[in-house]
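Okay, everyone, thanks for coming. Let me put the model up, and then I'll walk you through a few parts of it.

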Amino acid sequence: MKPLLSTYSTKLRPWRRLGPVLGLALLAACSPFKLLRPGQRLLSRVEIKGVEQADKERLTALAQQKPNNRFPLPKVAIYQLGHNFYDSARIKSKLLAIQASYAEKMQAAGTDSAKLGKLIGQRERKVNRKQLALDKGNAIMRLGERPVVYDTALTRHSVEQMTTFLRSQGFFRARVTATDTVRYRRGLLMRGVQAVGSIFPSKPDSLDAVKQRRRVTVTYTIHENKPFLYRLQAPSIPDSGVAAVVRQGQGATLLKENDRYNEDLIGQERTRLETLLKNAGYFDFRQQYITLEADTSYEKFTVRLRTFIANPGPGQGHRVYTVKQVRFITDAGVGRTLRNAAGDTLRRAGTPGALRPRPSLGLRTDTTVTDSIRFAAYEQKFSTSLLARKVLVRPGQHYNLTNTLQTQRLLADLDMFRFNTVNYRKVPDPPAADSSGLHPSTGELVAVINASPAPKFAITDELGGTYVATLPGPFLNFRLKTRNPFGGAEVLELGVRVGFEGQYNRITGSNEYTRQFGATAALVLPQFLVPFRTNHFLTRYNPKTRFSLSDTYVQRPEYTRTNLEFSYDYVWQKSVFHQYVISPVVINLVNTSNKEQSFIDNLNRLAAQGSPLFRSFTQLFEPSMSAASLYNSNDFNETRDARYFRLFGEIGGLSRNLYRNAPWFNLQVYNFAKLTADYRRYHHLTPHTFFVWRLNGGIAQALSTTNVKVEPIDQPAYFEDQLIIPYDKYLFAGGSNSVRAWQPRRLGPGSYTTYRVVDGKPVRDNTSEQPGELLLEGSVEYRFPLYSFINGALFTDFGNVWTIQRDPRPGAQFNFQTFAKQFAVGSGVGIRFDFTFLILRLDIAAKVYDPTAPDTKWAISRFYKDSAYGAAFNIGIGYPF
């Protein structure tokens, strides 16, 4: 991609280089002291010292004042820059003018409600914008930060908060002191800005010496002293039934002998005990009955901790409840809808029509009893045997909170209902004094599951466009989801995609359109489709069987290609974050029905250099099986401190000896194995800043040799009887989700450079894909807020691909002695528009180190000199990783 900067004249380049210098000088001239009143000081730094065992991060968070953020931009200087243009009196006058103007317009509108509503909406939008500017400043001020004025009262409050926290963590004799000093050393960035600003001297200020004393550093010194440790005492539980349950679950206690006292763990232990007792049938039990009493008078630096579980009242014990009946209403809300539709509107008006009897809709009765569950509906549309497997609550069982929540989750995962609830009704029964006494009285519950059906059909359509190779390309996606098409809570999805996309034709040197047509069909069954009964004991893992079929048709000036894919998958959830997928059958059929002679010649040229690109344009049959494990504790918007790990393995072509030599079979079949691993770590630094890093790798290798018998006919002998894998099973580097300074699939292999002839001269070929058999790459990214819903990012990517088997291309084959020097490195900045439901991403990256460069490897030194090393622009949906 040609960099934008290359369109300017070279005579302007010196001025362009002065742009950042002038920008830094402008920021240096914006002093935050101009915003301070006499006697005020600017908080510049907060330090916490003396922490050895306590949680330093939580102590830092308790500081009531934080200094202004200076990374990646000096936000106070930005705020001051905007303040120079801020005029509150002018904004107030405009606000009054807007209100007066719309008051006249509304008066002129009279009683026209439509026009009045439109005017009110317009007025509110304009008033809100002006009010926002009045309250928080103009757009530039909101992009920056208001200077943090040091407040001694908040420092004292911080000391109190830190002391309270330390005592809650077992440091009962801890002491916190705070000192505020004027000792301050500027950061490296601010010292650079100050040095640049000194080139453009401003008017001398007689208060310069005073200003140096107006920056404050607050230091909190923590004296932890020796922490207090647990001495666990026997619990005091008057209800013998509750005591028996607690004894049985004592092995899972969070409180251990001689551990440091921790109120957070004590709170978690109370929650654990409550859940333990609710799972044992104690429906009415609440956490308020549990008290953990601490006594520090027993021994120095020791806390005697005893658990008390009180009874509900004098002479009353906690009751165990048993489920008497389970009712499942599969069309909750339908009756109300029918009554509203059939009712007489005169009834609401209180007219004589209200005396007319409402049309009878019949009584909902228990129409079906399956596996001891009573299913009720006006018309039963779901398989009751399947729904029964998703319900873990059964008559005769003790009440169990975990089973209740798991039932709700399993029903929600079916995607058949708008919502579902599990409620319990008590059956009147006299109370018991002790749940395990001589004559215990067990309470009874009726479980009622209400599920409101989701719409049977859901349509998703998307109309958009791309702009590639200076050509606008529209595309249309249409997807139809059908719920419960066969009565077994299945989900059937049908999709169609039609698109036109601009493409650079490296044969003709012109920009042309690529036509893409695709169709998909997927059927998801809410159980494993196997010949033996496994779904009963796998219910907790939400088992699913998925069939998917897709066909993609691509028509370009050089070729016409189709790809038909079928997969048969088993999917189940080990936990909320962990999913497994096993695909015993995956079949790909690839066919290139038409190839232009010029395109064949180009494939020959690349094949002569060692590229396997020609394999993608033959007739291929790719049978395989695969398995994947995915752990992801993050959410859609990636706002958690989380981990992501995906492990994928695939093996193909094991059955090819059964048919590849048959006279009726003329397709290429390769046997291969592939393994990839992707690990990501999301560090939540502050509520809106994150540090994220990623390591990604993979290997693909043929299991035996294959004799290639494809077009073109003049391929070198290197490809005969070789270890060959299908082209789409290779590994690639470069692109918006990889090393972003390189175009998609254009990085590598190793340090090898592909050339093509232009005007009789060899030039580097950046248009050909570069497949490899070994992939190693990684990324680090710092994400931070900029303004409102706009976030920024600073990132660095590194990686490359290599071949493993013998390769005639110098530098393409992996070598343990040289691979470290063949990592490509790119860095850049990004903008993310976070619309909550959609994240639009723009990344601008530049090559820092290019191992494929024929001469100077440090590409950053040639950023302004050679268009091949210019910035790469990446636009995408969602985060890169």
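Before I get to the sheets: two strands pair here if DSSP finds at least two bridges between them. The helices (H or I, at least four residues) and strands (E, at least two) are DSSP runs, numbered from the N terminus. What you see is a predicted model, where local features need pLDDT of at least 70 and side-chain atom pairs count only at pLDDT 80 or more, while totals for chains, interfaces and linings use all residues. Residues are numbered from 1 along each chain as its sequence is written, and side-chain values use heavy atoms, with hydrogens and water left out.

A642 sits opposite Y682 in β21. Strand β20 (residues 642–652) is joined to β21 (residues 672–686) by eleven bridges, and the two run antiparallel. On to β22 (residues 689–702): β21 pairs with it over 14 bridges, again in the antiparallel sense.

How confident is the predictor? pLDDT is its confidence in each residue, from 0 to 100. The chain averages 82, with 83% of its residues at 70 or more. β20 has the highest confidence, at 95, and helix α13 (residues 345–349) the lowest, at a mean of 45. There's a stretch, residues 202–211, where pLDDT stays under 50, and the model gives it two contacts beyond four places in sequence; contact means heavy atoms within 4.5 Å. Residues 341–362 are also below 50, and that stretch has 18 contacts in the model beyond near neighbours in sequence.

Now the helices. Axes are lines fitted to C-alpha atoms, for helices over the stretch in contact, and angles run from 0 to 180 degrees between N-to-C directions. Take α4 (residues 88–109) and α5 (residues 113–136): they pack at about 175°, axes 10 Å apart. That makes α4 roughly antiparallel to α5. (The cut-offs: under 35 degrees is roughly parallel, over 145 roughly antiparallel, 65 to 115 roughly perpendicular, and the rest oblique.) On the α4 side, the residues in contact include I91, L95, I98 and Y102; on the α5 side, they include L116, L119, R123 and V127. By class, that contact has twelve nonpolar, four polar and seven charged residues. For the classes, Ala, Val, Leu, Ile, Met, Phe, Trp, Tyr, Cys and Pro count as nonpolar, Asp, Glu, Lys and Arg as charged, and the others, Gly among them, as polar.

Next, α10 (residues 240–248) and α11. Their axes come within 10 Å and cross at roughly 115°, so α10 is roughly perpendicular to α11. What meets what in that contact? V242, V245 and V246 from α10 meet L273, L276 and L277 from α11. The classes come out as six nonpolar, no polar and no charged.

Helix α11 (residues 263–279) also lies across β4, β5 and β6, at about 145° to β5. Those three strands make an open sheet, ordered β4-β6-β5, with mixed pairing. β4 (229–232) and β5 (290–295) are the edges, each pairing on one side only, and the twist averages 35° from one strand to the next. β4 and β6 (residues 302–309) run parallel and share four bridges; R231 has R304 in β6 as its bridge partner.

That's my tour. Over to you.

Key
pLDDT = per-residue confidence, 0-100.
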